[in-house]
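Student: I am new to this structure and would like to find my way around. Could we go through it together, one question at a time?

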Amino acid sequence: MMDAAKDEQAFSQTWSAEILRTPPLIAPARQFTYPQRIAGEEEAMARGALQLMVRPADGGMFLATCALGFTDAAMPTGVFACPNPVQMCAVAGGYAYVIDTAQPEHCTHITLKPVVEMRPLVAQGLLLFVGFHSMLAWGRNGLLWESARLSWEGVRIVSIDGDVLHGMGWNLVTDREVAFSLDLLTGQHQGGGFTPPQQEKKN
């Protein structure tokens, strides 16, 4: 269970959140469930949920119930601060939700499913989401970019040098990892392990 919101490298925040081990005996008046009703997620709550007691700067506390993406214990679960101090990112079994704590009915369900790693990059002003195939960056005003596919399966961060991320992506044909570099400000990359099948046939 991770809680990067308390890490010294994390962003500042105007809220606090407590991860509940059991449902509260007395639930607050305000309660919100994520994801909200969307196609394909009708059975999400059957997998379980992460429950958080959230105390925003204004408006009174509320209970956030975040459906688990996957029950695999290897999938990340925790609470993270965002570049916008009012926003909170809750990750539940690899599903990531960015919640506006001032208006909790406003929530963005991150499209990477699952999110396998989180990186708060304070210097660049972004929260980095890493999936099996690509990455996504969230800034103070919302989504900054989503990278193209970097790997057939599995993305590994090696280092970050200024605004450039260096990583490895797996290539299906060669069964090897291939290095890539990614501009953290734009999401553009060079290299990587993913080559479209039609391009592989030409090589």
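Student: Which residue in strand 16 is the bridge partner of Leu182?

Tutor: Happy to start there! This is a predicted model, in which local features need pLDDT of at least 70, side-chain atom pairs count only at pLDDT 80 or more, and totals for chains, interfaces and linings use all residues. Residues are numbered from 1 along each chain as its sequence is written, and side-chain values use heavy atoms, with hydrogens and water left out. Strands here are DSSP runs of E with at least two residues, numbered from the N terminus, and the bridge partner of Leu182 in strand 16 is His189.

Student: How many bridges pair strand 15 and strand 16?

Tutor: Two strands pair if DSSP finds at least two bridges between them. Strand 16 covers residues 189–191, and its antiparallel pairing with strand 15 has a bridge count of three.

Student: Which residue takes a positive phi in the hairpin of strand 15 and strand 16?

Tutor: That hairpin has five residues between the strands. A positive phi near 85° is found there at Gly187.

Student: Which residue in strand 15 stands opposite Asn171?

Tutor: Strand 14 (residues 164–171) and strand 15 (residues 176–183) run antiparallel and are joined by eight bridges. They form a hairpin with four residues between them, where Asp175 in the turn has a positive phi of about 55°. Opposite Asn171 stands Arg176.

Student: What is the angle between the planes of Tyr34 and Tyr97?

Tutor: Rings of Phe, Tyr and Trp (its six-membered ring) pair if their centres lie within 6.5 Å; planes under 30 degrees apart count as stacked, over 60 as edge-to-face and the rest as tilted. By this rule there are four aromatic pairs. One of them joins Tyr34 and Tyr97, with 6.3 Å centre to centre and a tilted arrangement at 35°.

Student: How many residues apart are Tyr34 and Tyr97?

Tutor: Buried means under 20% relative accessible area, exposed over 50% and partly exposed in between (1.4 Å probe, protein chains only). Tyr34 is buried at 0%, and Tyr97 is buried with 0% too. Tyr34 lies in strand 2 (residues 31–34) and Tyr97 in strand 7 (residues 95–100), so the pair links distant parts of the chain, and their separation is 63 residues.

Student: Why is the pair of Phe70 and Tyr95 given its label?

Tutor: The ring centres are 6.1 Å apart. Because the planes stand at 90°, the pair is edge-to-face.
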